[in-house]
Amino acid sequence: MRHYLKLTTNISMLVAMLGLGWGFTNNDPKPKVEDEKMNEFIDSLINEMTIEEKAGQLTLYTSGWDVTGPVLRDDYMDELRAGRAGNLFNAHTVDYAINLQKIAVEETRLGIPLLFGLDVIHGYKTTFPIPLAEAASWDLEVIEKTAHLYSKEAASAGINWTYNPMVDIARDPRWGRIAEGSGEDPYLGGLIGAAKVRGIQGMDLSDPTTILACVKHFAAYGASQAGRDYHTVDMSDRELRQNYLPPYKVALDAGATTVMTSFNEVDGVPASGNKYLMTEILRNEWGFDGFVVTDYTSINEMVPHGVVADLKEAAELAFNAGVQMDMQGGVYSQYIPELIAEGKIKEATLDEYVRQVLEMKYKLGLFEDPYRYLNKEREQETLYSKELMDHALLAAKESIVLLKNEPAKGQSEQLLPLKKSLNSVALIGPLADNQKDMLGTWHVAGDETKVVTLIDGIKQTAPNVKINYARGADFNGDDRSGFAEAIAAAKKSDVVIMAIGEDYTQSGEAASRSEIGLPGPQQALIEEIHALGKPVVAVVMAGRPLTIEWIDENIPAVMNAWHLGTMSGPAIAQTLFGDHNPAGKLTITFPKNVGQIPVYYNMKNTGRPFDANNKYTSKYLDVSNEPLYPFGYGKSYTSFDYSGIELSSTNMEMNGSITVSATIKNTGKYAGKEVVQFYIRDLVGSVTRPVKELKGFEKISLAPGESKKVSFTVTVKDLEFYTRDMSYKAEPGDFKVFIGPSSAEGLEADFTLK
Ligand code: BGC
């Protein structure tokens, strides 16, 4: 066995000899010469490695910072020194990570640098809106910039790999992880996923402000039955391919370098042992050439899933399914040597897997400089920089969705925006003066002390308005002892702002809920405040759609403000007081009640679509089929009129295209932005088609009185689907097109595909 120093010298000599260039871009075809150099380098490294060291490169352990679950092993330091742990996660800050990297580089036999992963889901230190919120901006540039900025911030603190984007389509708001994705639509979900990949990875991975992205959770994790986390997923291959897989594919086509498996089974086989997903689809059909990491201990979990009898069988199943890296399970490290010796897995495959991991380390530039991401000065300059904080505010404002805005009782003007000349407002609710919960789920390193609360936001925005604050109620239990103080505050104020919703633990992983109304005594509180007859604005902050039908019926102004991160307070206050005109649109349907779930806009028509005059049609006896707020819905302080839908032709050839346009006019008195949405319906298919599918959108800005013509081009790509024989193509026939302000309203026209 050679001494590690000798080998590390070899690595640096190799680096020098080969004159490694760092001009890799993840989007462009790779220059051949660079490829050859990399391959030569990696080949010689793999030649030096023992089986144990190879298994080590396929092993990822969490640092002692227990964030996402139980830590299976506390001896990872020894594993690291022995070269049996090639990657770590949850180890961040330059001070902390640098010592671990030093151990890998200086104390292991081969000196291979570590990957440092982290769930930078919507921010590192500076926390941006939760993903479901930011999706409501429908602004791909804003989203890409957010992803770039949080990656840059995390990269300055030692992180070179993030487990983002999460592109799981979700139609069930009981599922707590709905907060982490972009909602229910595969088309929009793919575009957002791709924007995040571009933001995270940039054009050049060797740039130390860019890091590896990881598309997750492959696959169909969002379809967990009954919205219960980690639960079974069972769907047809058609449904999987038509609605659930596209966002993963689009995000990978944008250059994502890694993929994470999901906890769930798909068609009876847990994703981490699912060869159909990991090899047939991902590698063979899609040509993915990065590496796959499991979700947290999900190889081990194949034992309780019941597809393997023990961990060794689990390791074999995962390995042979096409999974490269074991997150936190320790089973690859433990069983790969035996499995190789027994001929159950092939060493050539092992080498291939190791190559896929080492390639990423190489492309990040870690062999050239393992400390590339570990620069204390850069960290200090980057954390909470003005650039980050400014964009956190902008992204938060763009995420807010105005759900309702009517005049308060006895008034003629819409209640919002509030006037800065008001004498006083009552600010009531558990989210009014609350830093921690504004951060939302997955605020891994987010620092609550930096959060600007709503109360402080209002003080900054409307300094002359007196604020009568009362917490009023909590998120859990039924303690009503704070109601009296809240009622007193409301009574002495001109307007009441209710800051209500979920705390940060009530959505996210392992945070499914079977009832999704306002938790704790908040519903009772708002009913008592409403009874006072004061004008009330409800600001609902939550990680999921809440069933707020009572609020919609009784409260004149309702704003959905999700969990907006570090700059929540100013974003909400500026919107309440009219410095910002809200333009967000929901990317997830808000149900009226839990019984309607799943309720989503791109559903099928059924053979008995609802007809009020016919009992035997598809409906409920106790609630309508319509959701509370549909996909794509969101209001503005101004109003928009849609008119004049036009088609360039009512006939389209298979290889041709048509344009569909309409004019949108700002008919109100405020300048505003509008997300103009374009949907298509395929009237007859060899298999049934959804009643509508989003195929385009444009976010436009209009001054009062201004109008703009917005056009969408239709090509055959927009009309393709998995036909009866599962070929992906368009079928001739009649189509409807819709241009509108949401999935439930708009102008219609027809065309025929020849
Ligand atoms: C989650 C993943 C996450 C991982 C690492 C798991 O529990 O499902 O989304 O990336 O932990 O923290």
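This is a predicted model: local features need pLDDT of at least 70, side-chain atom pairs count only at pLDDT 80 or more; totals for chains, interfaces and linings use all residues.
Student: Does Gln328 count as buried or exposed?
Tutor: Residues are numbered from 1 along each chain as its sequence is written, and side-chain values use heavy atoms, with hydrogens and water left out. Buried means under 20% relative accessible area, exposed over 50%, and partly exposed in between (1.4 Å probe, protein chains only). Gln328 comes out at 0% relative accessibility, so this residue counts as buried.

Student: What is phi of Gln328 near?
Tutor: Gln328 sits in the loop between β10 (326–327) and α14 (331–341); helices (H or I, at least four residues) and strands (E, at least two) are DSSP runs, numbered from the N terminus. Its phi is positive even though the residue is not glycine, at near 70 degrees.

Student: And Ala226, what does that one count as?
Tutor: Ala226 also has a positive phi in a residue other than glycine, near 60 degrees. You'll find Ala226 in the loop between β5 (214–218) and α9. With 49% relative accessibility, Ala226 counts as partly exposed.

Student: Which residue is joined to Pro417 by a cis peptide bond?
Tutor: Look in the loop between β11 (401–405) and β12 (424–428), where Pro417 lies. The cis bond there has an omega of about -5 degrees, and the partner of Pro417 is Leu416.

Student: What is omega for the cis bond between Ile597 and Pro598?
Tutor: Pro598 is in the loop between α22 (568–576) and β17 (640–647). A cis peptide bond joins Pro598 to Ile597, with omega at about 0 degrees.

Student: How do you describe α7 against α17, and what is the angle?
Tutor: Two packed helices are described by the angle between their axes and the distance between the axes. Axes are lines fitted to C-alpha atoms, for helices over the stretch in contact, and angles run from 0 to 180 degrees between N-to-C directions. For α7 (residues 140–155) and α17 (residues 386–399), the axes are 10 Å apart and the angle is about 145 degrees.

Student: Is the crossing of α7 and α17 left-handed or right-handed?
Tutor: A crossing is left-handed if the near helix is turned anticlockwise from the far one by less than a right angle, and right-handed if clockwise. The crossing of α7 and α17 is left-handed.

Student: Which residues of α17 does α7 meet?
Tutor: Contact means heavy atoms within 4.5 Å. From α7, the residues taking part are Val142, Lys145, Thr146, Leu149, Tyr150, Lys152 and Glu153, and in α17 they meet Glu387, Leu388, His391, Leu394 and Ala395.

Student: How many residues of that contact are charged?
Tutor: Ala, Val, Leu, Ile, Met, Phe, Trp, Tyr, Cys and Pro count as nonpolar, Asp, Glu, Lys and Arg as charged, and the others, Gly among them, as polar. In the contact of α7 with α17, six residues are nonpolar, two are polar, and the charged ones come to four.

Student: What is the volume of the largest pocket?
Tutor: On a 1 Å grid over the protein atoms alone, a cavity is a set of points where a 1.4 Å probe fits but cannot get out, and a pocket is an open set with protein on both sides within 12 Å along at least five of seven lines; lining residues have an atom within 4 Å of a point. Grid points are joined across faces, edges and corners, and a volume is the space filled by probe spheres set on the points. For the largest pocket, that gives about 980 Å³.

Student: Which element gives the most to the lining of the largest pocket?
Tutor: Of its 43 lining residues, Tyr600, Tyr601, Met603, Lys604 and Val691 are the closest to the centre. The elements giving two or more residues are α9 (237–244), β23 (721–722) and β25 (733–742). With four residues, the top contributor is α9.

Student: Which residues touch Leu374?
Tutor: Leu374 lies in the loop between α15 (347–363) and α16 (376–382). At 7% relative accessibility, Leu374 counts as buried. Not counting residues up to four places away in sequence, Leu374 touches Val94, Ala97, Ile98, Gln101 and Gly158.
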